[in-house]
Amino acid sequence: MILVYWSVKKQQNSRRRFSFGQQQPQKRRLESEVAKQAFFYLLGFYLSSPPLIIAAYIPNPPFWVSLTAYTVYPMQGFFNFIVYTRPEYEKSRRRKLRLSVSQQAAA
């Protein structure tokens, strides 16, 4: 994921000299948002997957390792949901809408 981000960033930097006017701050903000979104997806993956991998490679894992693995791994979908809805939540916060997370999910 880091290599993909750096490749895209390198391409954006090489194209920057051909862009005009006020598009620069918007592009930088977009790059920053893409990087944040990728980071949060990876964070959700890295929070949910390692316990399962550890439990799979230990011959007789302790109970707490198995419990952690089988509790946290199914939550990857929940983590992805949170990350997926984060841009809309951030957009509404920027528009000064004072909606809670549950109100925004219902809207």
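This is a predicted model: local features need pLDDT of at least 70, side-chain atom pairs count only at pLDDT 80 or more; totals for chains, interfaces and linings use all residues.

Colleague: Why is the contact of Lys36 with Glu33 called a salt bridge?

Modeller: A salt bridge needs a side-chain nitrogen of Lys or Arg within 4 Å of a carboxyl oxygen of Asp or Glu. The closest N and O atoms of Lys36 and Glu33 are 3.8 Å apart, so the pair meets the definition.

Colleague: What is the separation of Lys36 and Glu33 along helix α2?

Modeller: They are three residues apart in α2, which means about one helical turn. Helices here are DSSP runs (H or I, at least four residues), numbered from the N terminus.

Colleague: What does Arg86 pair with in a salt bridge?

Modeller: Arg86 pairs with Glu33, at 3.8 Å from N to O. This pair links distant parts of the chain: Arg86 is in helix α4, Glu33 is in helix α2, and 53 residues separate them.

Colleague: Is Arg86 buried or exposed?

Modeller: Buried means under 20% relative accessible area, exposed over 50%, and partly exposed in between (1.4 Å probe, protein chains only). Arg86 has 14% relative accessibility, so it counts as buried. Glu33, at 22%, counts as partly exposed. Lys36, at 39%, is also partly exposed.

Colleague: How many salt bridges does the structure hold?

Modeller: Three. One of them joins Lys91 to Glu88, with the closest N and O atoms 3.2 Å apart. Lys91 and Glu88 are three residues apart in helix α4, so about one helical turn separates them.

Colleague: What makes a pocket a pocket?

Modeller: On a 1 Å grid over the protein atoms alone, a pocket is an open set of points where a 1.4 Å probe fits, with protein on both sides within 12 Å along at least five of seven lines. Lining residues have an atom within 4 Å of a point.

Colleague: Which residues lie nearest the centre of the second largest pocket?

Modeller: Arg29, Leu30, Glu33, Pro87 and Arg94, out of 10 lining residues. Helix α2 gives the most to this lining, with six residues.

Note on methods:
Residues are numbered from 1 along each chain as its sequence is written. Side-chain values use heavy atoms; hydrogens and water are left out. Helices (H or I, at least four residues) and strands (E, at least two) are DSSP runs, numbered from the N terminus.
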